[in-house]
Structure formats: C-alpha cells, structure tokens
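Reader: I'm new to this one. Let's go through it piece by piece.
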Amino acid sequence: MTFTKEFDFSQNLVLEDDAVLLRPLQQSDFENLLHFALNEPEIWTFSSIPASGSENLKNYIDQAIEARENKTEFPFIVIDKKTGLYAGSTRFYDINFPFKSLQLGYTWYGKDFQGTGLNKHCKFLMLQFAFEVLEMERVEFRADSENAKSIAAMKSIGCQVEGILRSHMPRINNETRRDSIILSILKNEWERGAKQRLFDKINNK
C-alpha cells in the first residue's frame, strides 16, 4: 500500500476529543499565537526553530506550511476545548511512508496549558492516528538532552529511551551544540498496553 498516494496532505485533518482539538496550522494562525511569541519567549529555550517574537513566529509558520506542501510534515494548532483558547502547536514530521515511521514533535504550549493534561490528550490522538490510520510501525521523539520537562512528558506517555545523539545540532544561540535524546513508541507496544495506559491516564482511571 502506497500511503503517499492515499494520504492527502491538503486535507482539513482534525483530531479531537472532549478536551482538545487539533486542526491544520494556517497562515491566519499568526494572530492566534502571537501572544505567546511576544510574552512567553522562554517556551522556545530548547527549540531548534524558535517562534519567539513576531518575525520568528511568522518564519515558524511559513516553514511549517511549506513542509506540509512538500508532504514531509503535517503541523497542527492546538485548541483547549475546555476554555476555547488557542494553546500551542505540534506536528508530525520526517514522515517516511515506505519505512512506516514518523517523528512527533515541534510541540509547545503556552504556560497556562502546561501541566494541565492537555499534552497527554494531544499525544493520544496523534499516536492513535499514526498507528491506527497511517499504520506506522514506529513513532519517534527527540529532545535536547537537557530539557528535563520535555523528556519527563515523553516518558509519561509511554516512550522508551533509545539513546543519545552526541553534539547532534547547534542550539538557538549557536554558541553550544546540543546532545539529542531519542525516544520512541512501536506499534506493538501501542497495541499491547501503551494505548490503554495512556487512555487511563487521560481519563484519570
């Protein structure tokens, strides 16, 4: 089955449950996310592509949409359904249909939405779509090895640590290089318990 022909990158793909809605990121979302870019620049301390400040945010959105047009990434804007507010962004990237693998990342949320459980809802929906609709065999996650909060969040949804890529890439300030930690969830792990454990967490069971 050739998913590159069957998966429509231009579709208005919406993933949602009772707590969160993810829809495709659009140019018009600049206004919806500008508050974070102007007032919470520290969100992108560990990011490879910053969105702090209006110019960086515009570049961030432009690059994300261009990658979607090139059929390598699918970026979402995240909406907290309980408040009706825009909460952040996330995406599928490095999508490799022949290898049945992709990465899940470029995830960030405004401070008011961090630690609320919103991330687990997002990850459940995205993992479910990746494994059960796209039929991926592997979903990979990466982070700066010093980003303890992000690493803890990934482990909490069932990710397994695979190792470290040493001096993997430059940090935003270009003064130092980062080590990147690699984590993943495999399809058989999802089916054999990871899905149920994450479902129980978001439903407080």
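This is a predicted model: local features need pLDDT of at least 70, side-chain atom pairs count only at pLDDT 80 or more; totals for chains, interfaces and linings use all residues.
Reader: Which residue in S5 is the bridge partner of Asn-96?
Author: Ser-101. Residues are numbered from 1 along each chain as its sequence is written, and side-chain values use heavy atoms, leaving out hydrogens and water.
Reader: OK. How many residues lie between S4 and S5 in their hairpin?
Author: There are 4, and Lys-100 in that turn has a positive phi of about 55°. Strands count as paired if DSSP finds at least two bridges between them.
Reader: What stands opposite Trp-108 of S5?
Author: Ser-89 does. Ser-89 in S4 is also the bridge partner of Ile-77. S3 and S4 are antiparallel too, over 7 bridges. Their hairpin has 4 residues between the strands, and Gly-84 there takes a positive phi near 75°.
Reader: What order do the strands take in the open sheet?
Author: The 8 strands run S1-S2-S3-S4-S5-S6-S8-S7, with mixed pairing.
Reader: Which strands does helix H3 touch?
Author: H3 (residues 54–69) packs on the sheet against S2 (20–24), S3 (74–80), S4 and S5, and its direction makes about 125° with that of S3. Touching, or contact, means heavy atoms within 4.5 Å. Angles run from 0 to 180 degrees between N-to-C directions, with axes fitted to C-alpha atoms, for helices over the stretch in contact.
Reader: New topic. How many of the 15 residues of H4 are buried?
Author: 12 of the 15, so H4 is largely enclosed by the rest of the structure. Buried means under 20% relative accessible area, exposed over 50%, and partly exposed in between (1.4 Å probe, protein chains only). Among the buried ones are Asn-119, His-121 and Lys-123.
Reader: Which residues touch the most other members of the largest nonpolar core?
Author: Leu-22, Phe-92, Leu-127 and Phe-141, in a core of 58 residues. Helix H4 (residues 118–132) gives the largest share, 9 residues. A nonpolar core is a set of buried Ala, Val, Leu, Ile, Met, Phe, Trp, Tyr and Cys residues joined through side-chain atoms within 4.5 Å.
Reader: And what does Phe-92 touch, beyond four places in sequence?
Author: Its contacts include Phe-74, Phe-76, Leu-102, Leu-104, Met-126 and Phe-129.
Reader: How many disulfides are there?
Author: The count is 0, where a disulfide is a pair of cysteine sulfur atoms within 2.5 Å. For Cys-122, the nearest cysteine sulfur is that of Cys-159, 14 Å away. Cys-122 is buried, at 0% relative accessible area. Cys-159 is buried as well, at 5%.
Reader: Last one. Where is Gln-27 found?
Author: In the loop between S2 and helix H2 (29–39). Gln-27 is partly exposed, with a relative accessible area of 46%.
Reader: What is Gln-27 in contact with, beyond four places in sequence?
Author: Ile-61, Asp-62 and Ile-65. Gln-27 and Asp-62 are 35 residues apart along the chain, but their C-alpha atoms are separated by 7.2 Å.

Technical notes. Helices (H or I, at least four residues) and strands (E, at least two) are DSSP runs, numbered from the N terminus.
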